[in-house]
Structure formats: structure tokens, C-alpha cells
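User: I've just opened this one for the first time. Can we go through it together, one question at a time?

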Amino acid sequence: MSRFRRHQRKVPGLNTAALPDLIFTVLFFFMIVTHMRKVTPMVQHVVPAGTELQQLKKKSSIVYIYIGKPKGDTQTRIQLDNRYAEDMEEVERYVAAERSSMSAEDRQQMTVALKVDKDTPMGIVSDVKQALRKVGAYRISYAAVERRRDKM
Amino acid sequence: MFKRKKRQVPSLNTTSTADISFMLLILFLVTSSMDVDKGLSRQLPPITPEEQREELTDVEERNVLQLHIMGDGTLMCNQTPLPLRQLQQRVVTFVGSEAERPKHVIQLEADRDASYEVYFEVQDAIVAAYHQLRDQQARRQYGKRLQHCSPEQQQALRDYYPQRIAEVNNSTMATARQSSAASSEKGGRP
């Protein structure tokens, strides 16, 4: 009888010693290709779509200005670095302060990225542009998403 | 008899290292953003009002293409309504047929209550029109597409078709020489 006793089978355990290494690799990949988000957008902005877009190159030389409506609000606000701007002088001061904190090389090619909601009235946008001209920030970029050329 | 007992260093239990690194990975995934910033690059004109008013008086009426974005979102081109999708072609014919190319001016005016989306699309169409013209010229002159030209050739093409866009801003007029959208950050100033 005992001759037919089944040989007990065991599934060999999976060796997971290399799993941490794999995950660390993925982690380092993400650490390199991403950058930390400095500001949390408080205003809702759906940027328009365009075909003639250029990529902004150096992250350290970009100043972001968000324009849009806060959630559940009807008034359009301008957001600078986790707070709202009350008037255009504040925008000017902010851009000037950002520029003075940059390195000399970044200052040369400082770009102001305007992340503006589609439905913003042009009055606010041109006021901001006027403020930027006053402080000498001439290089701007209207943030947008890519659209296929033939869909125009 | 006195055989030493073989000692073994107990191995470290590393089962949870994977969990720890997963936590780190998820932290980085949440806090960082991978989106590349894209946008329509423009060069604003410096503020010197007197000088620019003079500059504009030199421009003859026939060299000006007037674009006006009304509050309700319609686009007026030389006082007549123009659908947005025809704007690019309109600008191409205007700039392309101009006998004195370096003298043309596109005057862009937006009402204060016009929507930003229309304004952006107008800007995009104008840049696309310039891009189309430069591309045509590149094929004619160098026999290749614009993006395959050398930086010097691209600069020459930018000089050939300079972007001359004047924006009317709060009743002050300023000639904006816009930076080129055709290539890198070297401004396409005429």
C-alpha cells in the first residue's frame, strides 16, 4: 500500500530577491524624467489647442502665471505661486522677484508661460501682457495643447 | 572532537524592501508631473509709445491687414466678417502677394470682452500662415522643407518673411515684432 503513497509535490517559491532592484530602477527613471510640481493650480484652466506650438526648454527659466476661475467661483482670478494676485502691480512685482532669483543665464531667456483658460475675457489677458511689458518680460508663451493640423 | 560548530550569519530578511521602494515610487508618481510644457511663443514689444506711433504712420493703408476680434467672438477682417478657418489662407495671400513684403503689417485688435480662445486661434492661424509661407520659400530656394534647413537658412527665411504683427492694446498701439515660431528661440526679428 505504501508503495503507492503519493509523493508530496511542492511548488518552489518564487525568488523575489531581485524585485526591489527592479522597482528601484523604475523609481530612478521617474525621478529623472519628472520634475517636482512647485505650485498647485487653484484655478481651473482648460488651455486652447493649437498647431504651431513649441516646447519650452529650460524649466528653471520659466515663470508660470495661471488665469482662470477657481472651482465654484464665477470671477476670473490670476494665480501666482499658490496665491491670488489682487492687482496688476502684484503681477509685476512677482515677475520681477522671480527674475531676480534666477541665475544670470536663466534671466537672459526667461519665459513667462501663460496658462490661461479658454473662456477668459481678453481684457485680463491684455492687462497681464501690459504688466509684463512694464517689467521687461518680453518673452511669453501661451500654453496650449497640440492639435492635429488637418483638424483645423 | 573539538570540531567547531559552523556559524552562519543569518541572512537579512529583505521581503519588505520591495514594499518600501514601491512606496517611494508611488510618492514620486503622485508629486511629480511629466507633462511637457508646450505653447505658442511670442515676443512682446518694449514700451516706448512715441517711437512706435511714428513707426505706424509710415505704413500705408494697403499694406495693413486689419483683424478685429469682436466681443461676441466674430472675427472682422478689414471690416468684413471672416470665418476663423479661412484666416490662415487669407494671411497667406495677404503676406505672400505683398510686393513690399517687409512693409506689411497685420494689425490685431481684440475687444476686452472677447474670449481668449478666439484670440489664441487667431494668433495660431497667423503663425501657421507664416510657417506655410516660409516652408514654401524653403522648398523653392533650398529644395527642402523648413525644418530640414540649417539655422542660417531658417534665419534667412525669417528675414524673407518677417512677422510683423501690431497689437492694439488699451487704445495704445504698439508694433510687435513677434518671435519666430518656425524654430528655436532666436527671435525672428526683421
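User: Which residue in β2(B) is the bridge partner of A:Ser141?

Analyst: Keep in mind that this is a predicted model. Strand β9 (residues 139-143) of chain A and β2(B) run antiparallel, joined by 5 bridges. Another pair in this set puts A:Arg139 opposite B:Gln43. For A:Ser141, the partner in β2(B) is B:Ser41.

User: And within chain A, which residue stands opposite A:Ser141?

Analyst: Here we look at strand β8 (residues 111-116) of chain A, which is joined to β9(A) by 3 bridges. These two strands run parallel. Opposite A:Ser141 in β9(A) stands A:Ala113.

User: Why is β9(A) called largely enclosed by the rest of the structure?

Analyst: β9(A) has partners to pair with in both chains: β8(A) and β2(B). β9(A) is largely enclosed because the buried ones number 4 of the 5 residues.

User: What handedness does the β-α-β unit with β8(A) and β9(A) have?

Analyst: The helix in this unit is α4 (residues 122-135) of chain A. The two strands, β8(A) and β9(A), run parallel. The unit they make with the helix is right-handed.

User: How far apart in space are A:Val128 and A:Asp87?

Analyst: In sequence these two are 41 residues apart. Going from C-alpha to C-alpha, the distance between A:Val128 and A:Asp87 is 9.6 Å.

User: Which element gives the most residues to the largest nonpolar core?

Analyst: That core has 58 residues, and those touching the most other members come from both chains: A:Ile67, A:Leu114, A:Val128, B:Tyr119, B:Val122 and B:Ile126. Nonpolar side chains tend to be buried together in soluble globular proteins. The top contributor, with 13 residues, is helix α4 (residues 116-142) of chain B.

User: How many residues of chain B are in contact with chain A, and how do they divide into nonpolar, polar and charged?

Analyst: The elements of chain B giving two or more residues to this side are α1 (17-31), β1 (32-33), β2 (38-43) and α4. On the chain A side, 49 residues take part, against 45 of chain B. Those of chain B divide into 20 nonpolar, 14 polar and 11 charged.

User: What is the radius of gyration of chain A?

Analyst: Start with the extent: along its principal axes, the C-alpha trace of chain A spans about 100 × 40 × 35 Å. A compact globule of 152 residues would come out near 15 Å. Chain A instead has a radius of gyration of 26 Å.

User: How many helices and strands are there in chain A?

Analyst: Read its elements from the N terminus on: α-β-β-β-β-β-β-β-α-α-β-α-β-β. Of its 152 residues, 26% count as buried. The tally for chain A is 4 helices and 10 strands.

User: What about chain B: how many helices and strands?

Analyst: From the N terminus on, its order is α-β-β-α-β-β-β-α-β-α-α-β-β. Buried residues make up 29% of its 190 residues. Chain B has 5 helices and 8 strands.

User: What is the phi of A:Asp81 near?

Analyst: Most residues other than glycine have a negative phi. A:Asp81 lies in the loop between β6 (77-80) and β7 (83-85) of chain A, and it counts as partly exposed, with 14 C-beta neighbours inside 10 Å. Its phi is positive, near 50°.

User: Is B:Gln79 buried or exposed?

Analyst: B:Gln79 is in the loop between β4 (75-77) and β5 (80-81) of chain B. It also has a positive phi, near 70°. With 7 other C-beta atoms within 10 Å, and 12 or fewer as the cut-off, B:Gln79 is exposed.

Conventions
Residues numbered from 1 in each chain as written. Chains lettered and ligands numbered in written order. Predicted model: local features only at pLDDT ≥ 70, side-chain atom pairs only at ≥ 80, totals over all residues. Core = buried A, V, L, I, M, F, W, Y, C linked by C-beta atoms within 7 Å. Buried ≥ 20, exposed ≤ 12 C-beta atoms within 10 Å, placed from the backbone. Contact = placed C-beta atoms within 7 Å. Nonpolar A, V, L, I, M, F, W, Y, C, P; charged D, E, K, R; others polar. Pairing = 2+ DSSP bridges. Rg over C-alpha atoms; globule rule 2.2 N^0.38 Å. Right-handed = clockwise from strand over helix to strand, strands pointing away.
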